[in-house]
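I opened my notebook to look up how charged side chains pair up in this protein. Here is what I wrote down along the way.

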Amino acid sequence: MDSDTKRIVGQLLLGMGALGTVLAIASGQVAAEIQPSLSPTVLNATADNGAPNAKQEPSEPSELERYDTAKFSVDYPKGWQVTPQGEDGVTVVSISDGVNMPIHTDILILREDPQVAVPQRLDQIAAAGLAVQRYSLVTVDGQSGLRIWYEPEAGQQALVTLVGYGNQQTVVMTSQHAQDPVAQTLVTQIHSSFVNHSVVQAGMTE
C-alpha cells in the first residue's frame, strides 16, 4: 500500500470524529490493521471528498411516511412494506414492479461500541471480496459516519451506512437494489433520515 493511500484513509477515519477516533484506537495502527481490511477492494474504490456530506433534502412530505418507535425513527416512501425486527431494527422493502428486484433496506441498532462493530463490518466486506465502488464520510442524525457503496452481485447495488454513538451504540443501515439512479437516491434518503431516540446525544461518553 503506497503512502498516498495510507494518508487518504487516515484522513478519512480521522475526519469521522468520534467514530473515526475509535476506529483509529481499535486499529492501533490505521495502516497496519484497518487499511488491510479495506484493501484492495475499498482502497481502490473512489473516495468522495473528505467533508461529511450534508443531509440530503427529503422528497415532498406527501411522498414519505415515518416509521417511529421509542428507539428510533426513519422515513420511507409511502406504500412500502415495513417489518419491525425486534425493538432495535426494521426492514423496509419496496413494492415489486415484477421487473426490477425490490429495494431492500435493513436498519439495526447494535448495542456495541463502534470500536468493535465497525471493524467487524469492514472485515466482512473485505472477506467477501465484494467490488467496492466508493466510500464517503456522511453526517446522519448529527453524527459522523462512514458510507460504502459496493456491488454484491453483477447488476446489483448495495449501500451500507455505519454511524457510531459514543461508545454506546453502532447503527448499521444496509440496502440492496438493482443498479438504478432512482433507487440509489431513495435508499440514500432513507439512510439519511435516521434519528436515534435511544441515546441522549449530549450525554454520550467515549
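**Entry 1: ground rules.** I noted that this is a predicted model, where local features need pLDDT of at least 70, side-chain atom pairs count only at pLDDT 80 or more, and totals for chains, interfaces and linings use all residues. I also noted that residues are numbered from 1 along each chain as its sequence is written, and that side-chain values use heavy atoms, with hydrogens and water left out.

**Entry 2: the whole chain.** I looked up the secondary structure and found five helices and eleven strands. Helices (H or I, at least four residues) and strands (E, at least two) are DSSP runs, numbered from the N terminus. Of the 206 residues in the protein chain, 47% are buried. Buried means under 20% relative accessible area, exposed means over 50%, and partly exposed is in between (1.4 Å probe, protein chains only).

I then checked the contacts (heavy atoms within 4.5 Å). Among those with a separation of 6 or more, 55% are between residues 24 or more positions apart.

**Entry 3: counting salt bridges.** How many salt bridges does the structure hold? I found four. To count, a side-chain nitrogen of Lys or Arg must be within 4 Å of a carboxyl oxygen of Asp or Glu.

**Entry 4: D75 and R66.** I looked at this salt bridge and found its closest N and O atoms 2.6 Å apart. D75 is buried at 16% relative accessible area, while R66 is partly exposed at 42%.

**Entry 5: E87 and K71.** In this salt bridge, the closest N and O atoms are 3.4 Å apart. I traced where the partners sit: E87 is in the loop between β4 (81-84) and β5 (89-93), and K71 is in the loop between β2 (64-68) and β3 (72-77). The pair links distant parts of the chain, 16 residues apart. Is E87 buried or exposed? With 58% relative accessibility, E87 is exposed, whereas K71 is buried at 19%.

**Entry 6: R111 and D88.** I found these two joined by a salt bridge, with 3.3 Å between the closest N and O atoms. R111 lies in the loop between β6 (104-110) and α4 (114-127), and D88 lies in the loop between β4 and β5, so this pair ties together parts 23 residues apart in sequence. R111 is exposed, at 58% relative accessible area, but D88 is buried, at 16%.

**Entry 7: joining the notes.** Which residues are linked in a network of salt bridges? I wrote down K71, E87, D88 and R111.
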